[in-house]
Amino acid sequence: MKLSASDLGWCAGGRAIVDGVSLDIVPGETFGLVGPNGSGKSTLLRLLAGLMPRARGRVLLDDVPMEGMSRRDIARRVAFVEQMADTSEALTVRDAVELGRTPWLSALSPFGYEDRRIVTEAMDAAGMGHMEDHAWATLSGGERQRVHIARALAQRPRLLMLDEPTNHLDIHHQLSLLRLVSKLRVTVIMALHDLNQAMNCDRLGVMEQGRLVACGAPGDVLSPELVASIFRVHVTALTDPADNSTVFRFHSLEDRR
Amino acid sequence: MSRLFAPAASALRPVVLWGLAGASLLVLSIVFGITVGETPLPLSRVLAVLANNLWNAGHAVDPIDAGIIWSYRVPRTLVAAACGAGLALSGVVLQAIVRNPLADPYLLGVSAGAGTGAVAVTILGLGSGLVGMSAGAFAGASLSFLLVVLLARAAGGGSPQLVLAGIAGSQLFNALTSFLITKSANAEQARGITYWLLGNLSGIRWPDVSLAIPAALAGLVACLWFARALDAFSFGASSAASLGIAVRRVQVILIGATTLMTATMVSLVGSIGFVGLVIPHAMRFMVGPRHYRLVPAAALAGAVFLIAADVTSRVLIPSQVVPIGVVTALVGAPGFALILIRNRRRA
Ligand SMILES: Nc1ncnc2c1ncn2[C@@H]1O[C@H](COP(=O)(O)OP(=O)(O)OP(=O)(O)O)[C@@H](O)[C@H]1O
Ligand SMILES: [Mg+2]
């Protein structure tokens, strides 16, 4: 799904949290968003998903202005996995994943067999199928994260937005999640902290203090100079003999003084 | 074709079975509520009177008994059922929407505001009769809920802030009610109002039924219609929005329905605590947190519970009626304590 955003902005406490961001997402691409803590990645994702009140700028989904669409219409196209979402309800894994079907159901078209199949598929894809009866309160952080991802998959979106999806996941599940995401036939926008993982995106955007300061192919964007100035670390690029891909190693700037 | 319809039919079967079971339980409770009372009446006479009035069965019954049963006990029991269902549903909705296990119309000041509104109308003679009182109660309830929510938001908007703001709101509106009573009511009015505020069903007649049952049914339909939306609030309002819920619209409709139910019930029977708090939690425990089950279960359990509480209030002390609010509090306070303890263990 195509998304174009122009001049997005959001202020809080007299400070611009996101400032004049324009962005075009190509159908089918995996777009990564990187930047230091507090640089506005989560806020930008929420703006792109139309979830922020008092937002400036506009977002077009397949050339249709999002402000004219109902929440349900948006939710049938766009799924969003928040950075932290918790519940005190005694939901099971399956209950939580079933929530993803919400935009497709109404009082007159209730949950049916097809929905059940989609939910089972989504749980299996996120590796949570074997835990479907487990209670939310008993899940580990990584399991909760995978339930959220399964919920987003059950929504059958054409655009998937993920805020630090690999957070809390062990290395196996990090890699399988990224593989799953890259194999999905949907457009993906995700915020990431691991620059090595970000290298696998089709394109990257770099945020700093609410602005999108760089955007393009990962290899071009993540230059040692940019990494040094934005992330305040020194980076050496190594080549992995297994597949000749570039791997970053980071050093604290202080160590080099 | 049959393959197409089979899943729907098999999904419908439990709904029908549970619906029948629930309806039977409700009818049994209502008959029980009508039969038990200060004047002992045999079940056969109660059934005869019901049959006479419902389909002109023409049984011979003592007119005094017939009067007690049809003019007093039947409306009283029906209103008890409607109030119990309405209060329990209000609790379910508030707990889901404000995401606070302690939310209920009583704790959030909605009942207190409704009481103030109803008393203001009665004493100051602003309107007349049942509808005027209910309208006053609705205005009071909306005002107090608005104040509580604004205060909670100004205080930072968290869960504890909401409960504290609710306490402040309840205190304020209870004080306003007392002030109105002392200032404007004569001694007899004052005693009557105070007694009514504790929860009292003894004045209930048929016109009250025609207010209580539609209010409870409207609330039930709204809650069932939005059952999925209520589920979607599990992970917060922003997650509900990303699941396609028009958050503001659903909040306004459901809180409006809650306020309407609470206001109607308070204007009829006074303010009855703990039903909206304890019943939803007990039902979550029994049928789980999903609202398509929780909503009907809570409505049924609330109705049955309040009928039982009303019967208890009539027979607890011979020849005296204990206010029903006292009975629900005697059962509810320990239930509330259990909820607190259970929540601590989970946190
Ligand atoms: N509602 C709000 N009110 C005030 N400030 C806010 C609000 N929401 C976010 N901020 C501020 O905006 C900045 C950007 O927040 P955001 O969550 O978008 O950052 P982020 O890039 O996602 O950071 P992280 O990597 O830590 O997830 C932060 O400094 C935060 O304190
Ligand atoms: Mg973030």
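In the predicted model, the axes of helix α5 (residues 129-154) of chain B and helix α6 (residues 159-184) of chain B cross at roughly 140° and come within 8 Å. This angle makes α5(B) oblique to α6(B), since angles over 145 degrees are required for a pair to count as roughly antiparallel. The crossing in which α5(B) passes α6(B) is right-handed. On the side of α5(B), the contact is formed by Gly140(B), Leu143(B), Ser144(B), Leu147(B), Val148(B), Leu151(B) and Ala152(B), while α6(B) contributes Gln161(B), Leu162(B), Ala165(B), Gly166(B), Ala168(B), Gly169(B) and Phe173(B). By residue class, this contact of α5(B) with α6(B) comprises nine nonpolar and five polar residues, with no charged residue taking part.

A right-handed crossing is found where α4(B) passes α7(B). Gly115(B), Ala118(B), Val119(B) and Ile123(B) of α4(B) meet Ile193(B), Trp196(B) and Leu197(B) of α7(B) in this contact, and the residues involved divide into six nonpolar, one polar and no charged.

Definitions and conventions. Residues are numbered from 1 along each chain as its sequence is written. Chains are lettered from A and ligands numbered from 1 in the order in which they are written. This is a predicted model: local features need pLDDT of at least 70, side-chain atom pairs count only at pLDDT 80 or more; totals for chains, interfaces and linings use all residues. Side-chain values use heavy atoms; hydrogens and water are left out. A crossing is left-handed if the near helix is turned anticlockwise from the far one by less than a right angle, and right-handed if clockwise. Helices (H or I, at least four residues) and strands (E, at least two) are DSSP runs, numbered from the N terminus. Contact means heavy atoms within 4.5 Å. Ala, Val, Leu, Ile, Met, Phe, Trp, Tyr, Cys and Pro count as nonpolar, Asp, Glu, Lys and Arg as charged, and the others, Gly among them, as polar. Axes are lines fitted to C-alpha atoms, for helices over the stretch in contact, and angles run from 0 to 180 degrees between N-to-C directions. Angles under 35 degrees count as roughly parallel, over 145 as roughly antiparallel, 65 to 115 as roughly perpendicular and the rest as oblique.
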